[in-house]
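Here is a short briefing for a first look at this model. Please keep the sequence and the 3D view open while reading.

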Amino acid sequence: MLSLFAEIVIVQHPLSACLPLNYRVTLSVRAVGTGPLSYQWFQAEDEVPGGTGADLVFEARCTQKYVCRVNDKHCNCVFSEWVKVKVCDIPRPLARPSGTWQGEPLIAVNPASQTVRRGERVTLQCSAFGIPAPDYQWYRNGNPLPGKNRETLQIENVDGDHEVWYLCSVSNVLEEKWTKPAKISLVVPDPPAASELTATDKVALLIGNLNYAHHPALMAPMMDVHELANLLRQLGFRVVSLLDLTKAEMLAAIDAFLQLLDRGVYALFYYAGHGYECSGRNYLVAVDAPQPYRPENCVSVQGVMRRMQERHTALNVILLDTCRKWYNQNCALSEIRSLAPLGNTVYGYATCEDAVAFEVQDGERSSGIFTKYLNKHILRPEKITRVLEQVSEDLGRDPLVTGRQVVEVRHTLKDPRGLGDPVRTAGHTRELRVRDLCWRRANELPERRTLAFPCGAEVELSFSALFSNVIIVFAAVKPGDRGVLDCSLSLRSNPVMEDVFSNLGRLDRMDSLLPNDTLSPDCSLRLCGLQKLQRSLVIEVELHYTRADCGARLTESRQQDVGKPLVARCELHRRTQAAGPAEPEGGRDRREGAPFLSIDCTASYRQPPRQPQGRPGRPSTRKAENGWKCATTAAAAAAAAVAKNPSPRSNEPEENDENEILECST
């Protein structure tokens, strides 16, 4: 007897599409089975109201994934293939679908010719509509570029070899079309001035906090830290980028960062995450801060800045993409207090006093608005204060945050120093070697290696760093023996390390950070929070295969000790200070001679259930709300309660998502 589950057969699956905003699209599924069939369409994991027919007709307003479930009267069901309807909101596309459009590719944006300086990065953009969604292939002087099959082509460190023509082929099953060619040209730079300012070294620490134990999770810090780190490397900075740090880990990372600073060094500290302001001081909220938090649960910005100044660096830049809501409206203004008239500190804040900083989730892109424009201008060969002024001007013209967020820039800079100033090591070779050794400890990846299994198969392990405390392990199997069939792999780590980005929505964003030329592995394992690792990391590889001679399904396993990768080698847990009083006003983060406290990697904070993120095309924000902000009746009741039982913590802020809906613009 045939199983009833085999009676439903989908003969036509829906097709993915790339469409302009508000285009009316039809997704269709065709199935055959016993008796009448019923249909239910899903958008992501939610049922589409009224989507109970074989055809789903709707206006495409945002990028989403769809699937259809087909049922029969015997309670059997099958699902169609997932499809993605991508919406491209292009202000002035070159072409738009007409009434006779059959789905063939329509090129909406052609790549543009550009003139750039040597060593800069060039981005060529091509966008097209199509049903099915079109494929892309970039060409250089008529020759295809292997692996360059996305809408965007990025060319790093442009030189004379890149002064050629580029174009893109756009195709689907209906037709192939070609963009207009784009030419990359180099400009001849002006000769350097005789009194050119230089650095003895450049060092940057980037921290992004997004998975909070007691506060709303964020999306933007992950992408912002990754992109800014890449740009700073182009400027010659030694970069350490870290995600999701507790207060103890933040202080330990800052301690290690300060050890790399010395006379003549350019130092940059960047933070993205929750923050607030209290009594004229700015605070960064660690991922383990309680609800509600207090200053002693957070990291003082002024304390970090003062300690940077104590190193007598040539340039200190502090960039903060976080909020500055006050505990109370009588709060004093924050101050920059230099140790001496050194004239070397630049302080760039995403927003002004007692205001919030916004992050926007628009389709597949999440970014802090401040960092969005910072990354746009940071490679400019200009004085750093002028770069931040351009960031402020662009953000001020953004209609999304008009009247809501304004960049604030303060500085004590007396020389026209910029982040692109060259490094001159003459007379500082010894100090440079010491810093180079310390920096490499936080950025060293395990070497590629091959594991041999008794069955004759081999598995190659390779490693990629997304951040200084996030590593991906790739495994690819090489069967070798014809008697080994249907190989599959599984990976585990010892100790077990949580992948805090595995929740729906963040996984695709994390994977998108990988280089385009990354080989497709048979299995991969993402390991986060390497700063908590106190012993060698062991990768356990299980190989599952079928014996050709007897058909038996067998499993073999091997273990590989890869040491302490990336920031784990710095052993930040040894720097962790024992619990003590809040940071003193002088800005010191720890007392001299205070004992160190080891943090066990299994005792980290536990992640709360993921909070739903903003809808695609809609922004959400990070902000610290004042505890007094409530309805009139609630405020009166709270005031009466405070009068009856006063508490010094009655006006402490709570972290909240912004409830106001802002319209996105591209």
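A residue is called buried under 20% relative accessible area, exposed over 50% and partly exposed in between, using a 1.4 Å probe and protein chains only. By that rule Trp101 is buried, with a relative accessible area of 9%.

This is a predicted model: local features need pLDDT of at least 70, side-chain atom pairs count only at pLDDT 80 or more, and totals for chains, interfaces and linings use all residues. Residues are numbered from 1 along each chain as its sequence is written, and side-chain values use heavy atoms, with hydrogens and water left out.

**Confidence**

- pLDDT is the predictor's confidence in each residue, from 0 to 100. The protein averages 79, and 77% of the residues score at least 70.
- Helices (H or I, at least four residues) and strands (E, at least two) are DSSP runs, numbered from the N terminus.
- Confidence is highest in strand S23 (residues 265-272), at a mean of 96. It is lowest in strand S40 (residues 654-656), at 35.
- Residues 1-5 have a pLDDT below 50. Beyond near neighbours in sequence, this stretch has four contacts in the model. A contact means heavy atoms within 4.5 Å.
- Residues 577-666 also stay under 50. The model has 189 contacts for them beyond four places in sequence.

- Strands of a sheet pair through backbone hydrogen bonds, either parallel or antiparallel. Here, two strands pair if DSSP finds at least two bridges between them.
- Six bridges join strand S34 (residues 470-478) to S36. Val470 has Cys528 in S36 as its bridge partner.

**Aromatic pairs**

- Rings of Phe, Tyr and Trp (its six-membered ring) pair if their centres lie within 6.5 Å; planes under 30 degrees apart count as stacked, over 60 as edge-to-face and the rest as tilted.
- The whole structure holds six aromatic pairs.
- One of them joins Tyr23 and Trp101. The ring centres are 5.6 Å apart and the planes stand at 80°, so the pair is edge-to-face.
- This pair links distant parts of the chain, 78 residues apart. Tyr23 lies in strand S3 (residues 23-28), and Trp101 in the loop between strand S10 (83-88) and strand S11 (106-109).
- Tyr276 and Tyr283 form a stacked pair, with 5.4 Å centre to centre and 20° between the planes. Tyr276 is buried at 0%, and Tyr283 is buried at 9%.

**Two buried residues**

- Ile318 lies in strand S27 (residues 315-321). Its relative accessible area is 0%, so Ile318 is buried.
- Leaving aside neighbours within four places in sequence, the contacts of Ile318 include Phe269, Val301 and Met305.
- Asn172 sits in the loop between strand S18 (165-171) and strand S19 (176-178). At 14% relative accessibility, Asn172 counts as buried.
- The side chain of Asn172 reaches the backbone oxygen of Gly103 at 2.9 Å.
- Not counting residues up to four places away in sequence, Asn172 touches several others, among them Glu104, Pro105 and Gly130.

Key:
A polar contact is a pair of N or O atoms within 3.5 Å; within protein, one must be able to donate a hydrogen and the other to accept it, and residues adjacent in sequence count only if both atoms are side-chain atoms.
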